[in-house]
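I opened a notebook for this structure. My entries follow in the order I looked things up.

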Amino acid sequence: RWIKNISSRVLSNEERNLLRKGEGFAISPKVIPYEEYITATELACLNLPKGKGLALKGEIQEELMKAKIPKSNLTPGEWKALTNLKKDENIVVLPADKSKWLVVMDREEYITKMEEKLSDITTYENILDDPTKEIKQALTNKLQEIKDKHEIDNKLYMKLLPTKTSIPRMYG
């Protein structure tokens, strides 16, 4: 993993080592989130036949009771570096576009560059309201129309049907 520091901050060795782990690095948990796992299991089991769902839920609860908190995968220096990077409101750490690099940038410069991009009216348009709900409804209506004409079966309809929707986000 590579780091490109274009901020005014000088990174310590521990901060560089931490950032070299990459954006996909998962820090081992300090506690096991039992409730989250059980809730997620219960939600997943709603789509299974009742007997299979109860069996799966029981198996997962049994395995969770055996689970042990994993050893930390960060050194004490890396923990300190993580705390310091999180506290520093003058920088942002983000993945570079189309590469494996992590970029450390001054927050003010980042905001300025993002505002420049957003001010390009040939690419972006200011909107007053979130159109996501209307777009979802229009797509749902169109899919229903196609299904009613028997151009797609119920399985494909269910696969294409929008469920969780959110307004698009801009990243830079």
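**Entry: Ser28.** I started with the side chain of Ser28, which reaches the backbone oxygen of Lys71 at 3.2 Å. I count a polar contact as a pair of N or O atoms within 3.5 Å; within protein, one must be able to donate a hydrogen and the other to accept it, and residues adjacent in sequence count only if both atoms are side-chain atoms. The model is predicted, so to speak of local features I need pLDDT of at least 70, and side-chain atom pairs count only at pLDDT 80 or more, while totals for chains, interfaces and linings use all residues. Residues are numbered from 1 along each chain as its sequence is written, and side-chain values use heavy atoms, with hydrogens and water left out.

I then placed Ser28 in the loop between H1 and helix H2 (34–45). Helices (H or I, at least four residues) and strands (E, at least two) are DSSP runs, numbered from the N terminus. Is Ser28 buried or exposed? Ser28 counts as buried because its relative accessibility is 11%. The cut-offs I use are under 20% relative accessible area for buried and over 50% for exposed, with partly exposed in between (1.4 Å probe, protein chains only).

Which residues does Ser28 touch, leaving aside neighbours within four places in sequence? I found Pro70, Lys71, Ser72 and Asn73 in contact with Ser28. Contact means heavy atoms within 4.5 Å.

**Entry: Gly24.** I stayed in the loop between H1 and H2, where Gly24 also has its place. Gly24 counts as exposed, because its relative accessibility is 64%. I checked Gly24 against Ser8: they are 16 residues apart in sequence, and their C-alpha atoms are 25 Å apart in space.

**Entry: Glu15.** Next I looked up Glu15, in helix H1 (residues 13–20). Glu15 counts as buried because its relative accessibility is 3%. What does the side chain of Glu15 have at 2.9 Å from one of its polar atoms? I noted the backbone nitrogen of Ser12 there.

I listed the contacts of Glu15 beyond its neighbours within four places in sequence. They are Arg9, Val10, Ala81, Asn84 and Leu85. I also took the distance from Glu15 to Lys52. It is 47 Å from C-alpha to C-alpha, for 37 residues in sequence.

**Entry: the loop between H6 and H7.** I moved on to His150, in the loop between helix H6 (132–148) and helix H7 (154–160). His150 is not a glycine, yet I read a positive phi of about 60° there. Most residues other than glycine have a negative phi. His150 counts as exposed because its relative accessibility is 71%.

Asp153 is in the loop between H6 and H7 too. I found that its side chain reaches the backbone nitrogen of Leu156 at 2.8 Å. Asp153 is partly exposed, because its relative accessible area is 46%.

**Entry: Gln137.** I looked into helix H6 and found Gln137 there. Gln137 is partly exposed, because its relative accessible area is 44%. How far is the C-alpha of Gln137 from that of Pro162? I noted 8.8 Å between them, with 25 residues along the chain.

**Entry: the whole protein.** Last, I stepped back. I counted seven helices and three strands. Along the sequence they run β-α-α-α-α-β-β-α-α-α.

The radius of gyration, taken over C-alpha atoms, is 23 Å, whereas a compact globule of 172 residues would be near 16 Å. The globule rule is 2.2 Å times the number of residues to the power 0.38. Along the principal axes, the C-alpha atoms fill a box of roughly 60 × 55 × 25 Å.

How much of the protein counts as buried? I noted 21% of the 172 residues. I also looked at contacts between residues at least 6 apart in sequence; 61% of them join residues at least 24 apart.
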